[in-house]
Amino acid sequence: MPLSDIRLARIQRASAWLHLVLTALLPGIPLLLALGWALIPDAQLGDSLGLKMMPGAQPGPLTLLDRTMGFGASLLLPTGVILYGVWHLRALFGLYARGIILGPDNAERLRALAMTLILWVPAQMLGDIVVSLAMSLDNASGERFVAISLSSNDVAIALVGAVALVISWVMVEAARAAEDSASII
């Protein structure tokens, strides 16, 4: 059953708004991350990274180099993966806003989003390692630490990513079959 003009217009309107919000998030996420690393006091920054749960794993006073390395590690690893996902999600809503609801480009964007969810878990783990090293680099010998974590939320995110990957794969094949059928007629 084809979409009615009213329903398609609603989808296009909502998608245009989401496209705009996601466009703003692309520079906004790194900016907020930079502000956090620049402005949050040392002790609160350690708490926000989950370091208060680790006995003796509190960073000393953070230098500009420590904060810059922490920001870089946060930006390149977990945040970089998130930005990759936001980029593809933005493009997907751009397609919807133009009235392209089903098609190979939509399926490819969903596949990229699924891969983002799957890759975010190892990126987060590596980011935790590098950030904890950066934060404790100036500590005395024996007081440096490495933090790594894996939560049930991380496992759930990876599982949702795997499910979305299979769904996107099915959508890619359906789009190919539809294109083949259209070219035959």
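Visitor: Which are the buried residues of α5?

Guide: In this predicted model, the buried residues of α5 are Asp154, Gly161, Ser168, Val172 and Ala175. What covers these buried residues includes α4.

Visitor: How do you know whether α5 reaches the span expected of its 33 residues?

Guide: Helix α5 covers residues 152-184, and the distance from its first C-alpha to its last is 48 Å, which is close to the 48 Å expected at 1.5 Å a residue.

Visitor: Where does proline 104 lie, and which residues does it touch?

Guide: Proline 104 belongs to helix α4, and, when residues up to four places away in sequence are not counted, proline 104 touches Ala175 and Glu179. Of these, Ala175 is also one of the buried residues of α5. The C-alpha atoms of proline 104 and glutamate 173 are separated by 8.5 Å, although the two residues are 69 residues apart along the chain.

Visitor: Why is proline 104 called partly exposed?

Guide: Its relative accessible area is 37%, and partly exposed is the term for values between the 20% below which a residue is buried and the 50% above which a residue is exposed, so proline 104 counts as partly exposed.

Visitor: What makes aspartate 128 and isoleucine 129 fall into their accessibility classes?

Guide: Both are found in helix α4, aspartate 128 as well as isoleucine 129. Aspartate 128 has a relative accessible area of 18%, which is under the 20% limit, and therefore aspartate 128 is buried. Isoleucine 129 has 23% relative accessibility, which lies between the limits of 20% and 50%, so isoleucine 129 counts as partly exposed.

Visitor: Where in α4 does a kink lie?

Guide: A kink of about 35° lies at tryptophan 120, shortly before proline 122.

Visitor: How do you know what span a straight helix with the length of α3 would have, and what does α3 itself span?

Guide: At 1.5 Å a residue, a straight helix of 34 residues would span 50 Å, whereas α3 spans only 43 Å between its end C-alpha atoms. There is also a kink of about 50° in α3, centred on threonine 79. Beyond the helix, α3 is followed by glycine 99, whose phi is positive, near 90°.

Visitor: How many aromatic pairs does the structure hold, and why is the pairing of phenylalanine 93 and tyrosine 96 called edge-to-face?

Guide: The structure holds one aromatic pair. The ring centres of phenylalanine 93 and tyrosine 96 are 5.7 Å apart and their planes stand at 80°; the centres are thus within the 6.5 Å limit for a pair, and the angle is over the 60 degrees required for edge-to-face, so the pair is edge-to-face. Both residues lie in helix α3 (residues 64-97), three residues apart, about one turn of the helix.

Visitor: Are phenylalanine 93 and tyrosine 96 buried or exposed?

Guide: Phenylalanine 93 has a relative accessible area of 18% and tyrosine 96 has 18% relative accessibility, and with the limit for buried set at under 20%, phenylalanine 93 is buried and tyrosine 96 counts as buried.

Notes:
Residues are numbered from 1 along each chain as its sequence is written. This is a predicted model: local features need pLDDT of at least 70, side-chain atom pairs count only at pLDDT 80 or more; totals for chains, interfaces and linings use all residues. Side-chain values use heavy atoms; hydrogens and water are left out. Rings of Phe, Tyr and Trp (its six-membered ring) pair if their centres lie within 6.5 Å; planes under 30 degrees apart count as stacked, over 60 as edge-to-face and the rest as tilted. Helices (H or I, at least four residues) and strands (E, at least two) are DSSP runs, numbered from the N terminus. Buried means under 20% relative accessible area, exposed over 50%, partly exposed in between (1.4 Å probe, protein chains only). The expected span of a helix is 1.5 Å times one less than its number of residues. The bend at a residue is the angle between axes fitted to the seven residues ending there and the seven starting there. Contact means heavy atoms within 4.5 Å.
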